[in-house]
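Okay, thanks everyone for coming.

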Amino acid sequence: MNYSFKKYLKNNTEAAPLAVFRIFFGIMMLISIIRFWSYGWIDKLYIQPKFFFSYYGFDFIKPIGVYTYFIFILCGLAAIFVTLGFKYRIAIITFFLSFTFIELMDKTTYLNHYYFISLLSFLMIFLPANAYYAIDAKQKGVSFQQIPKWTIDSVKLLLGIVYFYAGLAKLNSDWLIKAMPLKIWLPSKYDIPFLGDIMHQEWVHYTFSYTGAIYDLTIPFLLLYKRTRIFAFVLVVIFHVLTRVLFPIGMFPYIMIISTLIFFNADFHHKILDFISATFRINKKAFDTKQTFIFTPKQSKIVKSILSLFFIIQLLLPFRYMLYPGELFWTEEGYRFSWRVMLMEKAGYANFKIVDSKTGKRFYVNNDDFLTSFQQKQMATQPDFILQYAHYLKKHFENQGHQNVQIFVESYVALNGRLSTQYIDPEVDLGKQKESFKHKNWIIPFKDEIKGL
């Protein structure tokens with residue numbers, strides 16, 4: 001088996017699929033940035049708020065006022081350069097750093113597909129995506145039509161992990177037995193043409209729940225197998241277009257549709273490149289040299305070591321929730337970065353009480369004075385948000401001259417249609433609690449059970 005794997009690592013394949021992937025990736029990223037800007041979200045999410053929720057360990061990354069626009073400009077320019085394959089290595093590193101910086105500026109905006117883009121752009125740093133059909137190749141006078149097969153397979157592997165782990169996450173009792181949270185969400189889509197009339201019917205909720213789980217678990221394998229690939233891609237298009245119609249999740253469905261094209265063979269991608277060449281009058285034949293790109297022994301060792309560690313982390317990180325006690329959906333300890341996509345509906349409120357520990361004097365905080373409505377919604381149901389906000393309030397009121405400040409919260413949360421119950425221990429002074437990777441024992445235990453992965 002070891003011999004077979006070493007032999008596999010020496011296999012080469014056509015570079016066209018990776019070139020097409022690079023082009024479409026760059027285009028989709030550019031559209032995403034323009035869309036984000038055009039909707040005024042930069043100002044709304046990163047300029048207007050008074051306070052920003054940081055990721056643990058990345059507290060130093062914050063929006064930089066109006067200069068935040070510069071980061072988006074830099075990210076957009078990098079996306080253009082990636083598309084063209086011009087100064088590719090610098091461009092993809094710049095894109096990865098700028099996009100990830102944007103993602104880390106405020107935890108409130110966390111989405112699985114932002115995390116996916118950061119991972120994918122990091123992976124692309126180590127791939128020869130500019131070896132073929134790129135300005136870099138033209139300027140260097142050397143185009144490589146063949147590249148190591150594992151470079152393309154690494155993209156397929158990342159896509160497979162995203163899908164398969166999303167499917168595993170759906171194997172829980174709320175999703176399969178109660179059809180939650182789709183039973184809450186779908187009836188509100190009554191105004192959708194053609195489908196709206198049946199969105200309130202229970203059999204539709206269960207159909208969507210089960211087909212969603214089956215789709216995520218099987219689609220990577222159906223795409224890998226040549227005989228089922230076209231059928232699988234049709235399913236990809238239907239699934240993601242339907243998802244986009246039902247739920248406002250931005251560009252993610254289109255990004256996934258475009259990304260899965262990499263599973264098709266080289267002939268298909270050459271046809272795409274022929275079309276691009278005819279449209280923009282590019283001499284594609286100049287790139288068809290039959291030459292093979294080869295990493296130097298030192299480069300090969302470094303790249304393979306980094307990517308091996310990268311994929312080990314991706315395979316293990318989603319299971320870190322097993323290190324924590326309690327119900328994952330309730331505590332959310334280990335929930336992020338694990339491809340748990342749209343699995344729960346949480347609603348709640350958090351009322352903060354400021355107490356002078358010596359005099360006993362107290363007053364309540366008006367969250368509108370510090371947080372946007374969007375931030376309040378996210379904060380009220382996530383313990384790490386609540387803790388970080390409590391620390392901010394403690395510091396704020398101490399700076400105003402208040403003495404012996406204690407921070408308590410009255411918090412209630414409803415999960416997947418259950419009755420609202422108390423969430424955070426109201427007797428715990430959150431100002432004294434420290435953020436860490438340890439379990440937050442001041443979260444009141446979940447009073448129900450959700451079985452599954």
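Let's start with helix 8 and helix 15 in this predicted model: the two are roughly parallel to each other, because their axes cross at roughly 10 degrees and anything under 35 degrees counts that way. Helix 8 covers residues 149–169 and helix 15 covers residues 297–316, and their axes come within 11 Å. If you want to click on the contact, helix 8 brings Trp 150, Ser 154, Leu 157, Leu 158, Ile 161 and Tyr 165. From helix 15 you get Val 303, Lys 304, Leu 307, Phe 310, Phe 311, Gln 314 and Leu 315.

Next pair, then. Helix 11, residues 202–224, packs on helix 12, residues 229–246, at an angle of about 140 degrees, and the axes are 10 Å apart. Roughly antiparallel would take an angle over 145 degrees, so these two helices are oblique to each other. The crossing of helix 11 past helix 12 is left-handed. On the helix 11 side, the residues making that contact include Phe 208, Gly 212, Tyr 215 and Asp 216. On the helix 12 side they include Arg 229, Phe 233, Phe 239 and His 240.

Now over to helix 14, residues 266–280. How far apart are its end C-alpha atoms? They're 21 Å apart, and 15 residues at 1.5 Å a residue should span 21 Å, so that agrees. Look at which side chains are tucked away: Ala 266, His 269, His 270, Ile 272, Leu 273, Ile 276 and Ser 277 are buried. Seen down the axis of helix 14, the buried residues fall within an arc of 155 degrees, so they line one face of the helix. Strand 1 (12–14) and helix 2 (16–38) are among the elements covering those buried residues. Turn to the other side of helix 14 and you find Asp 267, Lys 271, Phe 275 and Ala 278 exposed. Then, just after helix 14, Arg 281 has a positive phi of about 55 degrees.

Compare that with helix 6, residues 112–125. Helix 6 has 14 residues and reaches 20 Å from its first C-alpha to its last, close to the 20 Å expected. Helix 6 is mostly covered, with 13 of its 14 residues buried.

Okay, loops. If you care about backbone torsions, there's a cis peptide bond between Met 180 and Pro 181, with omega at about 10 degrees. Pro 181 sits in the loop between helix 9 (173–176) and helix 10 (182–185).

There are also a couple of phenylalanines to look at. Phe 194 isn't a glycine, yet it has a positive phi of about 70 degrees, and it's in the loop between helix 10 and helix 11. Is Phe 194 buried or exposed? Its relative accessibility is 84%, so Phe 194 counts as exposed. Phe 337 has a positive phi too, about 60 degrees, in the loop between helix 16 (328–331) and strand 3 (346–356).

Last stop: Thr 381, in the loop between helix 17 (373–379) and helix 18 (383–399). At 6% relative accessibility, Thr 381 counts as buried. What does Thr 381 touch, leaving aside its neighbours within four places in sequence? Its contacts are Glu 332, Lys 346, Ala 347, Gly 348, Val 413 and Tyr 423.

Methods
Residues are numbered from 1 along each chain as its sequence is written. This is a predicted model: local features need pLDDT of at least 70, side-chain atom pairs count only at pLDDT 80 or more; totals for chains, interfaces and linings use all residues. Side-chain values use heavy atoms; hydrogens and water are left out. Helices (H or I, at least four residues) and strands (E, at least two) are DSSP runs, numbered from the N terminus. The expected span of a helix is 1.5 Å times one less than its number of residues. Buried means under 20% relative accessible area, exposed over 50%, partly exposed in between (1.4 Å probe, protein chains only). The arc is that of the directions from the helix axis to the C-beta atoms. Contact means heavy atoms within 4.5 Å. Axes are lines fitted to C-alpha atoms, for helices over the stretch in contact, and angles run from 0 to 180 degrees between N-to-C directions. Angles under 35 degrees count as roughly parallel, over 145 as roughly antiparallel, 65 to 115 as roughly perpendicular and the rest as oblique. A crossing is left-handed if the near helix is turned anticlockwise from the far one by less than a right angle, and right-handed if clockwise.
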